[in-house]
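Welcome, and thanks for taking a look.

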Amino acid sequence: MSGSKTFLQDVNSMFQEAADLISVEEGLATKISVANSTYITRFGVRLRGKMQTFEGWRSVHSNHPSPAKGGIRYASYANLDEVEALAALMTYKCALMDIPFGGSKGALKIDPKEWTQDELERLTRRFTLELVRHEFLTPSLNVPAPDVGTNETTMMWMADEYRRLRPTDINGSACVTGKPLAAGGIEGRIEATGWGVQYSIQAFFESEIDRAKTKLPSTLEGATVVVQGFGNVGYHAAKFLSEEDGCRIVSVIERDGVVRNPDGLNNEKLKHHINETGGVRGFKGGVHSLDAMDALADECDILIPAALEGVITEDNAPYLRTKLIVEGSDRLVGALPENISQKVLNELGSLSVDVLLGTRVTRVTEKTLEFGDGSSLEAEIIVWAAGIQSNKALASAVDLEVGSLGRLRVRLTLQTTHQDRIFVIGDAADCLWQEMNSPLPPRAQVASQQAAFLEDQLKRWVRGDALKEFRYTDHGSLVALSSSSAIGSLMARALGTMTLKGWLARWAYKYLHYQHEAVVQGHFWALVRTFLSMAMRRVRPRLKLH
């Protein structure tokens, strides 16, 4: 199952789990978890001959110790939920390390690659004006920093605009951090997060109790490392681990694929290649492949996700072959949907079904499953359901990008990333779920919504009209456990989320199954199949595996 929690709900549930372990005054945990204030702005800038409207956010989760601190990102997928979640994480990180800042975060919903440098400067200065007007950018209360899609140049524009608006503020240059060295920046700031990843790994290896759990050797010398994202964090973490600790960077994952070298990649040459070309494709110091997200499952000692948050999910976690994961992004693993998954586990337990979680299968024979920890399980019947895989030979021949779980990577228009004339939907499509900032799950309701959307999209494409972006609406999950039970939840705007169980859930499951058949085959044949199914109830197998 794939969870339906948002980023903010994930963060809040993890905070609540920690709060439940200590004695907290009633109501205080709720007060701590919510953002103090969030500013939403929609401003206009005249660019490219017309007025363009842009949306941005700045959230202050806590300013108990002032100023509130946190980056500003420029990203097309940015949203309010993500901004408030990242602001909360800044509060908790500063509090855990006893750093005297509150937590804040900001974002502007744009793709910086679609705008020129001059246009980005105008956008940044206009965004800065909105933030300063409402006291969401000031040295004493709220201090931004670079994040995804922004850099020291962005911070320089913001600082300059602030000083223009508040010329009497003697501390005006302190309104942002991450400025260039020549403009008051701090030496080592760019490398800081990469150093932090290295120091965390070194500290882990110094702890014999923690290291014993992974069965890693006592030294980092020769350890194999996979890095996802070779930006500021990933590059510097790889650089310091290889140059100072003797690690081998065997795989680097970027948006255009993965480059591998079992003997170790040359970090400097690879970084230069990425700066020149925008990706790892064509790098001569390793072997390039399109299966970017699948490369997270490359066998290694240490996996470092150092790009966007949420890359490890319940879908791909079982396939990881690493002993240690060190996160360099803001959020690594989303919290599981406890409400439904725990009830399913309890129901399976009542049916005397043993569920093995986090168990890697290394070998399958005729009557045996062998696991990564050396144990095995004998069975008379083995059903292998390892997920969806696209035809990699075909994808390579037609130059199609292969994404998470071996599916074809598509844009929000449902066109493949490299071929505008090819549309992909359903289980074969690796499409971004914008609200969750993760790939859409391979579920029937996703395919149904994409099919309905594609009917109109193809008409637009034939007419030459502008294409729309696909938006998925999660209507909940239903899990059928053969004839014994069913468990799930349904989402409706008027009623909210309803939890279903027992005969009501079974009938809801059957109704949805009928609706699915009716869409594919028509109501007449769906009714025929329903009546035939009822008539054959006594002779057909009682267990359905799917």
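A search of the whole structure, which is a predicted model, turns up 0 disulfides.

**Nonpolar cores**
- The largest nonpolar core holds 29 residues, and those with the most contacts inside it are I201, F205, F230, V252, L270, I302 and I304.
- Two or more residues of this core come from each of α6 (192–206), β6 (224–228), α8 (232–245), β7 (248–254), α9 (267–277) and β10 (300–305).
- The biggest contribution is that of α8, with 5 residues.
- Another core, of 26 residues, lies apart from this one and includes L47, I110, F127 and F136.
- As general background, nonpolar side chains tend to be buried together in soluble globular proteins.

**Around F230**
- Beyond its neighbours within four places in sequence, F230 is in contact with Y235, A238, V252, I253, E254, N267, L270, K271 and I274.

**Helix α4**
- Helix α4 covers residues 117–133, 17 residues in total, and its first and last C-alpha atoms are 24 Å apart, close to the expected 24 Å.
- Its buried residues are E119, L120, L123, T124, R125, F127, T128, L129, E130, L131 and V132.
- The partners that these buried residues of α4 pack against are β1 (37–47), β2 (50–62), β3 (68–74), β4 (102–108) and α5 (152–165).
- After α4 comes E135, which has a positive phi near 60°.

Notes:
Residues are numbered from 1 along each chain as its sequence is written. This is a predicted model: local features need pLDDT of at least 70, side-chain atom pairs count only at pLDDT 80 or more; totals for chains, interfaces and linings use all residues. Side-chain values use heavy atoms; hydrogens and water are left out. A disulfide is a pair of cysteine sulfur atoms within 2.5 Å. A nonpolar core is a set of buried Ala, Val, Leu, Ile, Met, Phe, Trp, Tyr and Cys residues joined through side-chain atoms within 4.5 Å. Buried means under 20% relative accessible area, exposed over 50%, partly exposed in between (1.4 Å probe, protein chains only). Helices (H or I, at least four residues) and strands (E, at least two) are DSSP runs, numbered from the N terminus. Contact means heavy atoms within 4.5 Å. The expected span of a helix is 1.5 Å times one less than its number of residues.
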